[in-house]
Structures are given as C-alpha cells and as structure tokens.
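Look over the sequence and the model before reading on. The paragraphs below go from confidence, to the packing of nonpolar residues, to charged pairs, and then to some details of the backbone.

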Amino acid sequence: MVVLSFCIFSQYTFAQEVATEPEKYTAHNKGKFFFYWGGNRESYTKSDLHFKGDGYNFTVENAVADDKPKGWHIDYVNPGRMTIPQTNLKVGYFISDHYNISIGVDHMKYVMRTGQTANINGTINLPESHPGHVYNGTYNNTPTQLAEDFLDFEHTDGLNYINAEFARVDDISKLFRIGNTDKFQVNITEGVGGGILYPRTNAKVLGMPRNDEFHVAGYGFSAKAGLNLTFFKHFFVTGELKGGYIDMYDVRTTHDGPDRAHHHFGFLQRIIAVGGIFRV
C-alpha cells in the first residue's frame, strides 16, 4: 500500500511539473519578425544576347557569363561599401508558426566572358564615322571573338533581383536529439518568390559609351531550400540554395533612346547569411 501511494504521488508530482514547465520561445513563430544579411555566389545558364539600335540588330548565341565574387572581405560589414560585394538582404514576418512572407534584394553580378568566341546572327550597318563600323556586315551563325571593342556586357552594380517570397519553416531539432531549442534549434526552409530586375548595366556595344543608369529591366521567378541554425532564441545562421529564371527584356545599353538588349537565363545562387528573429 505504501509503495502504491508513493507511485501515485510521484506520477501526480511529475504531471504537475510538466504542466507548469514554461513554454519555449522557439515553440511558436507566429507574429515574429526576422531579417538577414549575407553573401552569395552564382552560376548562370548560357543565354542569347540580342542587341538592337540605330544601325545594328544582332544576337550573340549561347553567351557564357560568370559572377564576380569579392571573397571574404570587410566590405560586407563596412556601411559605406556594403553594396559592392554580392549580397543578400531580407526582412520578413511569420504569418503562422510555419509560414512567413518576406521582401528582399539579391544583389548578384553577371559578367559576360569577354574574349569568348560565339556565333553571331544579324546585321551591323554603321556609318564610317562610327567606331563600330569595322564590324559592319551580315552575320549568319558567324563565329566571332567578343573583343572589348565589339562587346563588353555585364550587370555588376548589379543584377539586382528585388523579390517577395512565401516560405515554410520546419523545426527538425528532434532528429538530432536537441532538447532545449531555446539554446539551439535546427530548421529547414523552402519557398517560392518573384520580383523585378533593377540593374545598373555596364554595356559597351560596338565602342559606344555605356548608359550605366539604374533601370527596371525585367522580371524573375525563383524557388529555394535551406538550413537554418538558431542560437539562443534570437540569432541564426542560414544557408540556402536558390534557383530561378530571369527575363531581362528591356536592358538599356547606351544613352540613345532606342538602344536596348534582351536576354533570359537561369541562375543558381548559393547564399550564406546571418540574422535575427524577434517578436515585437
């Protein structure tokens, strides 16, 4: 009888302790704001670059382009130079425990490889007084070396993808036998987004001066998946893979009104960022 009473008393005491244990801050996300800042690397698919203006209309087939990484550099945290490297900025809000909405800027860089040989289709018919007249002719899958005086094309200030995202977050800490998620929490995240491209394009077409002004040049769609490590409830490190499609249908290349470029391509972005999450 004494043993039975002790067992009942122990179970009752344990139940009271469980019932009165305070809920962890990380148990719910609804109503929390978050932000992050970080860097990225990109890969791009080949793209057909179409250039059109007064006296020329041609396409560079299957052009190859790269990003322009800064590496580990103090500029990422230097307020006066933070926009020079390839960066990511995001601010968001949890509308439920698992879903959030956010807006952000992916500051990527796109640099066509100068000196590559590509097939050209189209025509160039410029007056002899024009610096690019040496390239006059009709091109029909004509292999041409993309020298600087013929074409130098890049979005280095930058390929700015201003986007909104809808994402899901799931706590997988139990898979790693983490008991106190207020000290350390592991989450996975996935989402989709879309937005506009607002580049400052450095384009030198047939020797003409570049435009170099910010301009809404197109749109993009993207999807992502990532891993989030949260420390002491409020601070996190996140790594994401983000891929998508960009259509830049209205790229300004020179100061002449009709001069434009058009290209579309796929991208894969690798992101590492640090941030915070708080309930206001």
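Lys233 counts as partly exposed because its relative accessibility is 30%. Lys233 sits in the loop between β12 and β13, the latter covering residues 235–252. We return to its backbone at the end.

The model is predicted, and confidence comes before any detail. The average pLDDT of the protein is 89, and 88% of the residues score at least 70. Residues 1–10 are another matter: their pLDDT stays under 50, and the model gives them zero contacts beyond four places in sequence. Where pLDDT is low, predicted coordinates should not be read in detail.

Now consider the nonpolar residues. In soluble globular proteins, nonpolar side chains tend to be buried together. Which residues have the most contacts inside the largest nonpolar core? They are Phe51, Phe58, Val60, Phe153 and Leu206, in a core of 35 residues. Strands β2 (47–53), β3 (56–63), β6, β7 (117–124), β9, β11, β13 and β14 (260–279) each supply at least two residues of this core. Apart from this core lies another, made of eight residues, including Phe94, Val169, Phe236 and Ile277.

Leaving aside neighbours within four places in sequence, Phe58 is in contact with residues including Leu49, His50 and Phe51. Its other contacts include Ile120, Asn121, Gly122, Thr123 and Ile124, and also Phe150, Val205 and Leu206.

Charged residues come next. Side chains of opposite charge can pair when their charged atoms come close. The count of salt bridges in the model is 13. In one of them, Glu165 pairs with Lys90, and the closest N and O atoms are 2.4 Å apart. Glu165 belongs to strand β9 and Lys90 to strand β5 (residues 87–94), so this pair links parts of the chain that are 75 residues apart.

Are these two residues buried or exposed? Glu165 has a relative accessible area of 4%, so Glu165 is buried. Lys90 is buried as well, because its relative accessible area is 3%.

Glu165 also forms a salt bridge with Lys224, where the closest N and O atoms are 3.1 Å apart. Because Glu165 lies in strand β9 and Lys224 in strand β12, this pair ties together parts that are 59 residues apart in sequence. Lys224 counts as buried because its relative accessible area is 10%.

A further salt bridge joins Asp106 and Lys242, with the closest N and O atoms 2.7 Å apart. Asp106 is in strand β6 (residues 99–112) and Lys242 is in strand β13, 136 residues apart. Both Asp106 and Lys242 are buried.

Some backbone details remain. The peptide bond from Asp157 to Gly158 is cis, with omega near 0 degrees. Gly158 is part of strand β9, which spans residues 151–171. Asp212 is not a glycine, yet has a positive phi of about 60 degrees. Asp212 is in the loop between β11 (201–205) and β12 (218–231). Lys233, with which we began, is not a glycine either and has a positive phi of about 75 degrees.

Conventions
Residues numbered from 1 in each chain as written. Predicted model: local features only at pLDDT ≥ 70, side-chain atom pairs only at ≥ 80, totals over all residues. Heavy atoms only, no water. Helix = DSSP H or I, 4+ residues; strand = E, 2+ residues; numbered from the N terminus. Buried < 20%, exposed > 50% of the residue type's maximum accessible area, 1.4 Å probe, protein only. pLDDT = per-residue confidence, 0-100. Contact = heavy atoms within 4.5 Å. Salt bridge = Lys/Arg side-chain N within 4 Å of Asp/Glu carboxyl O. Core = buried A, V, L, I, M, F, W, Y, C linked by side-chain atoms within 4.5 Å.
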